[in-house]
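Me: Could you look at this one with me? I'd like to go through the sheets and then the ligand.

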Amino acid sequence: MRTADGSWAPSPGGLVRALLPMLRDSGGMWAGWTGSVDDAPEPFNLDGVDLHPIPLSQSEHDDYYEGFSNDSLWPLYHDAMRDPSFKAEQWAAYVAVNQRFAETLVEVAPPDAVIWVHDYHLQLVPSMVRRLRPDALIGFFLHVPFPPWELFARLPWRDEIIDGLLGADLVGFQRAIGASNFAAIAQQLNADLDVEEADADGFTITRAVEGGDDTDRDGGHITTAGVFPISIDVDEFDLLAAERNVRRAAAALRTSLGNPEVILLGVDRLDYTKGIGLRMRAFRSLLEDGTLDADRCVMIQVATPTREAVEHYRDERHEIERLVGEINGRYSRIGHPVLHYLYRGLPIEQLVALYLAADVMLVTPLRDGMNLVAKEYVASRRDVNGVLVLSEFAGAADQLIDAVLVNPHDEQALRDAIATAVEMHHPERTARMAKLRSAVARSDVRGWAERFLRELEAAR
Ligand code: GDG
């Protein structure tokens with residue numbers, strides 16, 4: 001990303017931090033969009049890694065990025081909880097941009113290169129690269145859920161997307177259900193495929209090539225679908241949480257809130273998948289029936305701006321801001337809002353200070369590939385305290401089984417989960433948090449990347 005002074009810096013986040021050192025050590029390179037329209041700098045080197053910027057025009061940004069990626073695929077892959085739009089001109093832009101990525105990769109990748117493609121924006125790239133460069137070993141990781149046939153079948157370009165993914169040697173998913181949905185759909189759309197269950201929730205999908213004996217890469221192409229739950233840079237959060245200024249900021253935060261007994265926290269991109277409105281309504285109803293006392297509880301919601309040009313996101317923001325106003329109007333005292341709402345991103349140190357101050361962390365998406373916030377909260381709690389309320393519909397629920405797990409669609413269950421978290425006694429809180437911390441410690445993002453690349457190499 002570009003910094004304020006126009007220079008380049010690695011984007012924040014565990015994925016970039018995990019992959020950059022690996023790329024540096026192996027002489028690898030990174031191709032991607034800079035994040036700004038019509039910004040096409042020459043390739044350059046950052047911290048020992050070659051970067052290949054790929055430009056997007058304004059109309060590609062609108063049709064490919066905001067349009068097909070974020071207004072068709074995103075809602076479709078998240079249970080179609082908003083109506084996905086299917087527009088031919090947006091699909092054409094998706095194909096064109098995927099082709100540009102593939103061509104850049106083919107141009108810069110050395111013979112027998114290992115190419116790792118990320119996420120739903122680039123699902124056609126694997127087969128586009130394979131056609132041009134059959135020597136390459138291609139991995140693809142999907143950060144979001146992969147939907148069942150009933151939803152995926154709506155996509156007018158479903159065959160093309162599956163074909164695109166089948167160009168990869170290894171396709172990684174966050175949860176077992178993603179891998180099995182993908183295998184079932186690939187089979188449904190291609191009667192000639194041989195789909196077999198492999199170990200550990202994986203599948204091997206073999207496509208015979210004319211004249212080949214369909215058992216190896218020369219005779220037929222094999223795509224393995226596997227499960228690779230992503231994680232965070234655990235040490236980063238553990239170390240930040242140990243910093244004196246961060247601990248001080250956490251204590252100061254509580255004081256500035258008037259020393260409430262309970263601080264509840266939500267941290268999300270302002271996305272309709274994250275269940276922000278549901279959790280605010282549950283909070284409102286707990287205040288209403290007196291389970292929570294507005295003099296003793298405070299809720300903080302950090303909502304990071306995202307995809308503001310997409311209508312569903314503007315609607316969601318209006319609804320959330322209406323709720324914030326309603327709840328504060330009814331339950332706040334002068335100088336003491338019961339619900340603090342920040343519509344902006346915060347520096348990571350402030351985020352960790354919030355994690356440390358939060359007695360109850362609310363992670364209640366209606367559907368989420370993984371949800372890293374849940375893992376960051378746990379990794380920050382080196383005091384082995386705090387309660388995590390976690391939606392069953394987040395991939396993280398597979399690993400964080402000692403959270404207070406909840407179905408956020410069930411209003412009563414969500415209320416009960418929040419009340420349980422608020423009232424939980426100290427021994428149970430620490431026992432649960434200790435188990436959560438061991439689960440997160442076992443799953444660092446570097447281990448995730450190494451395992452994916454190891455399994456990809458095994459496909460050679
Ligand atoms: C996609 C999938 C999957 C948020 N606000 C601030 C801030 N953040 C950081 C968090 C966390 C990240 O953004 C959000 O990650 P999530 O996993 O919660 O969600 P998505 O953005 O939807 O990500 C998701 C993920 O990919 C990885 O595969 O888990 O399911 O949808 O790291 O900390 N960071 C800072 N200030 C903020 O205000 N510094």
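This is a predicted model: local features need pLDDT of at least 70, side-chain atom pairs count only at pLDDT 80 or more; totals for chains, interfaces and linings use all residues.

Me: OK, what is the strand order in the open sheet of six strands?

Reply: The order is β4-β5-β6-β9-β8-β7, with mixed pairing; strands are DSSP runs of E with at least two residues, helices are runs of H or I with at least four, both numbered from the N terminus, and two strands pair if DSSP finds at least two bridges between them. At the edges are β4 (114-118) and β7 (194-197), each of which pairs on one side only.

Me: And which way does β7 run against β8?

Reply: β7 and β8 (residues 203-208) run antiparallel and are joined by four bridges, with valine 195 opposite isoleucine 205 in β8.

Me: Which helix packs on that sheet?

Reply: Helix α16 (residues 445-457) does, touching β4, β5 (137-141), β6 (170-173) and β9 (220-227), where contact means heavy atoms within 4.5 Å. The direction of α16 makes about 125° with that of β4, taking axes as lines fitted to C-alpha atoms, for helices over the stretch in contact, and angles from 0 to 180 degrees between N-to-C directions.

Me: Switching to the ligand: which residues come nearest?

Reply: Of the 21 residues around the ligand, those are His143, Leu346, Asp368, Leu372 and Glu376; a residue is near if one of its heavy atoms lies within 4 Å.

Me: Which polar side-chain atoms lie 3.0 Å or 2.8 Å from the ligand?

Reply: One belongs to lysine 274, 3.0 Å from a ligand oxygen atom, and another to threonine 304, 2.8 Å from a ligand nitrogen atom, a polar contact being a pair of N or O atoms within 3.5 Å. A backbone N or O atom of asparagine 371 also lies 2.9 Å from an oxygen atom of the ligand.

Me: How much of the ligand's accessible area does the protein cover?

Reply: The protein covers 81% of the 730 Å² that the ligand has on its own, with areas from the Shrake-Rupley method and a 1.4 Å probe.

Key. Residues are numbered from 1 along each chain as its sequence is written. Side-chain values use heavy atoms; hydrogens and water are left out. A polar contact is a pair of N or O atoms within 3.5 Å; within protein, one must be able to donate a hydrogen and the other to accept it, and residues adjacent in sequence count only if both atoms are side-chain atoms.
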